[in-house]
Amino acid sequence: MTFPHLLRRPAWLAALLAGLNFPVYAGLAIALNSGDGTISLIDTETYQVTGTATVCKEPHHLLPTPDDKSLIVACAAANQLVFFDPASGREQKRIRDVSDPYHLGYSPDRKWFVVNSLRLDRVDLYDPVDFRLKARLPAPRTPSHMAFDNASEFVFITLQDSNEVMAIHLGTQKVAWVMPVGKTPAGIVMAPDNRHLLVACMGDGVVEVIEWRFQKSVKKVPTDTAAHNLQPKGDGRHFYVSNRSINGSISLFDSKTMSVVEKYEVPGGPDDMIVRADGKEIWATARFARKVQVIDLVSKKLKQSIPVGSSPHGVFFLNHAGLR
Amino acid sequence: MIDQLIEIFVRLQGWLLEHLVQPPLLALGFGSYLELAFDGIEFFLCGVLQISAAYLLLRPLETWKPIEVWPDRKAVRVDVIYTLLDRLGVVPLAVFALLAPLFVAIDGWLRFHGYIPWQIEDLIPALESRPLLSFFVYLVILDFAEYWRHRLSHTWRWWWALHAIHHSQRQMTLWTDSRNHWFDDLSNGFWFAIVALLVGVPPGQFVGLLMVVRTIENLSHLNARLSFGRFGEHVLVSPRYHRWHHALALPAERRFRYGCNFAVLFPIWDRIFGTQYMARALPPTGIEEGPAALTHADSGYWRQQWEGIRGLVAALRPQRVALASEPASISAERSAKAERSEQTEGSHA
């Protein structure tokens, strides 16, 4: 068996490298095609789609379990969470009767599993062990993405259609506050200083910086048309911002200077992203082009356009640079 | 080849979003509707393709073997307008905008009280990994629901006042399928939303198959002597089968007093529920009774919409008002005409 062949057997390699306590490079990317209800399995070495599987109606976002042994896919229209082995792409289990899951998040202390229901204006708080519903909160309108503070005291939710950010106190499971932000807020992350929230506002094409303890907007940083989502670079300082228009782009945002430092052209409506652990590539689903775009971060150019299914949304591989 | 066609389609869809739809949506603060708008553009482009396919495939049949030949096709023009508004998404968008908030509120309320609406996949989990089978299961269920919606629209007086516009066309062609009053479309949307709440929504990836289904619905209204054969006529609603549904004079039996052949795709529902009428004749179409029967047939788009509202108001009044097109008024006289029509098959061609 030659080395390239070994690379195509991700489970072997994952087991081997995990045993050596070495960063795992499993060689498999999973992209969710929300329009088709399918997942595309992509070889991260050859950039070829090696398989497509029907999963459920409207798979939107995904989230690895804290131990990386499972990848949870939120199937909004099917009311299900579907678990996959992120190394092989094999389905592990389904949890039914999870109402309209759209966006998912584990609190940093792993005590809460939070589900946003974008269509039905609601946020659900689950026990992350047995996925029992603990609290259900109205969140008008259209709760989109979420972020947590480092102490897991709050979950912050963007409300797309009411142009607000809502904070839920996880201890009391009650809404702590709601504050106005720019037009159509979507992606939200906690800055490494745990002091500022960064909110991508599609309608304004900006990242809005919020001092969340004072519910105060401190800066609006223009990125590009339809600023949509944020993904950490993995260096504890920078974030990639997807600007989701057809002639879209990805901006590199410096959370220390609160400014945009680079921009890459990424056509097709870049949406969810993931960065390779070595920092050499960023993968983004191109929502309006039926593609996953791979950007070479060394040459800063589009490297590959991988044809997938309709309206691709979430994308994941194990060999990533970190998720928060 | 197919990949290249999809690529061209997606590029055009993206171009329309980028240049025509996205700028006003973002400027007006409706950025979260971008995905919906993208789907809407797909609906529009599929509508263009579907109308083109229906015209190119079906119109030659109407020219080649017409059932009826008219001195002019003036009355058909209004149906073309109805078709464009329907298939290119104007009417569906309006219906969606009106009904979506209501049904989202109902769905949300149910879930907030611990009830997650049931889906057919909960009963048959195997459908989750067999999308094509799932599509056909949903198609059969929705066609069953359509049968009853259609039958009720002939039975309930208020609904018939609206649906009569569809039936008032005396020059029935492939364009007639979309000839519906706005409130009739709204009622249909309401019906579909209830069914979706009860059984779930069908998988969304079979756009091509949906276009085929819509073309079959065009086909059923065709002004062409087209037979699906002895077996085929029982499997799929044919122009002949559906023509009896639109007949100026209905069959004589009491069970047909509100109409016959209500099925939209599969005639089996009429067979099961006793509303099937099979005959070789190709009767003239339209509504005969009442002053509005002719008004509907000859008038323009807005006049028909107005007449529909007037008919609806009259139907909802407690006292009995002579309606333009009341289903109960389908009389023995009309039935007798049906028999005559059958005897003179083809005489009007």
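**Reading the strands, helices and chain contact**

In this predicted model, strand E9 (residues 113-117) of chain A and strand E10 (residues 122-126) of chain A run antiparallel and are joined by five bridges.

Q: Why do strand E9 and strand E10 of chain A count as a pair?
A: Two strands pair if at least two bridges are found between them, and five bridges join E9 to E10 in chain A, so the two strands meet the condition for pairing. Within this part of the chain, A:Val115 stands opposite A:Asp124 in E10(A).

Q: What makes strand E8 (103-106) and strand E11 (133-138) of chain A the edge strands?
A: The open sheet of four strands has the order E8-E9-E10-E11 in chain A, with antiparallel pairing, and E8 and E11 are its edge strands because each pairs on one side only. From one strand to the next, the twist averages 15 degrees.

Q: Which residues of H6(B) and H8(B) meet?
A: B:Ile141, B:Leu142, B:Ala145 and B:Arg149 in H6(B) meet B:Asn188, B:Trp191, B:Val195 and B:Val199 in H8(B), and by class this contact has six nonpolar, one polar and one charged residues.

Notes:
Residues numbered from 1 in each chain as written. Chains lettered and ligands numbered in written order. Predicted model: local features only at pLDDT ≥ 70, side-chain atom pairs only at ≥ 80, totals over all residues. Axes fitted to C-alpha atoms, helices over the stretch in contact; angles between N-to-C directions. Contact = placed C-beta atoms within 7 Å. Nonpolar A, V, L, I, M, F, W, Y, C, P; charged D, E, K, R; others polar.
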